[in-house]
Amino acid sequence: MILTVTPNVALDITYQVDQLIPGSSHRVRGVEERAGGKGINVARVLHALGHGTMIFGFIGSATAATVTTDLARAGLAHELISIEGPTRRSIAVVDSSNGAATIFNEAGPRVPAAKWEDLEAMLAARLPEATALVVSGSLPPGANDDACARLVRLAASHRVTVLVDTVGEALLQAAAAGADILKPNSSELLDTTGLSDIAAAATELRRRGAKAVVASLGEDGMTAFTSDGSWRAAPPTRVAGNPTGAGDAAVAALIAGAVASTPWPDRLRDAVALSAAAVIQPTAGSFDVNHYRSFVHQIFVEKRHAPGLDR
């Protein structure tokens, strides 16, 4: 079973409009509400790929029923901790004329320290039966920067592979805690390290303790820096659509590959293919199966020379 933690659960609301024109009113052609947040999106993709998952996170009381009902309807097992305040909303406005999405993300409610302790206790009870842990998404307001690092160390104590997808000081501390895989996008990687070169920034995170760093490059694919080498994978063509859940689909592929001990080039190929297939879908956490299967055979993976570490 693969466990996923979403520190900042969201209620994802997607509006479909004919064409998005700033400063004007729009007639909404379609509305979809679903439980969201990066870790939940990862679990949705893993579930669709046939992996057993368990979702953990915090949920505000005001929209708790909407979120949990949606998870149950999707067949996603979950253990969510109730907190005061409303669950944040993430609103995507999808322009039907070109598939582009404009996103509005709320900050989310504060999570008391005692609730973080409850989360760690719940995870500790599940980790003995887990194959991997994914900690994915931003930290809610007021959270300590070591929140992700604590979960990394907890997973390591149970010899469970852990992937972290976050940003800023939380990413640096997850690296220092020895995360098996860090998966920021390129801008997050550069902003977090203060460096201007992706290879140098990834090497810095590995120097701090991360075993592997995979950076999303948007339309240009992904690049991985590991103890086994460095690779770059690119999609066969640029895919138009909603990129909101593309990184989450990539995380699902990377952690599934880690569980299966798949060679890194194949993990990266699968991650780029699944990411591209997710862009085609209007809502995060979904992917187009036929395009995914087609893309896998078209992804070009190139071994790169990059500064690395011997370990």
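Predicted model: local features only at pLDDT ≥ 70, side-chain atom pairs only at ≥ 80, totals over all residues.

Student: In what order do the strands of the open sheet run?
Tutor: The four strands are ordered S3-S2-S6-S7, with mixed pairing. Strands here are DSSP runs of E with at least two residues, and helices are runs of H or I with at least four, numbered from the N terminus. Two strands pair if DSSP finds at least two bridges between them.

Student: Why is one side of S3 and of S7 left without a neighbour in the sheet?
Tutor: S3 (28–36) and S7 (101–105) are at the edges and each has a single partner strand, so one side of each lacks a neighbour in the sheet.

Student: And in what sense do S2 and S6 pair?
Tutor: S2 (residues 10–17) and S6 (residues 88–95) pair in the parallel sense, over eight bridges. Thr14 stands opposite Ala92 in S6.

Student: Which strands does H1 touch?
Tutor: Helix H1 (residues 38–48) packs on the sheet and touches S2 and S3, contact meaning heavy atoms within 4.5 Å. The direction of H1 makes about 95° with that of S3. Axes are lines fitted to C-alpha atoms, for helices over the stretch in contact, and angles run from 0 to 180 degrees between N-to-C directions. Helix H2 (residues 64–73) also lies across S2 and S3, at about 85° to S3.

Student: Changing topic: at what angle do H9 and H10 cross?
Tutor: The axes of H9 (residues 264–279) and H10 (residues 289–296) cross at roughly 145° and come within 8 Å.

Student: Which residues of H10 are buried?
Tutor: Tyr292, Phe295 and Val296 are the buried residues of H10; buried means under 20% relative accessible area, exposed over 50%, and partly exposed in between (1.4 Å probe, protein chains only). These buried residues pack against H9. The face of H10 turned away from its buried side carries the exposed residues Asn290 and Arg293.

Student: Lastly, where is Gly52?
Tutor: Gly52 lies in the loop between H1 and strand S4 (53–60). Its relative accessibility is 42%, so Gly52 counts as partly exposed. Not counting residues up to four places away in sequence, Gly52 touches Met1 and Ile2.

Methods
Residues numbered from 1 in each chain as written. Heavy atoms only, no water.
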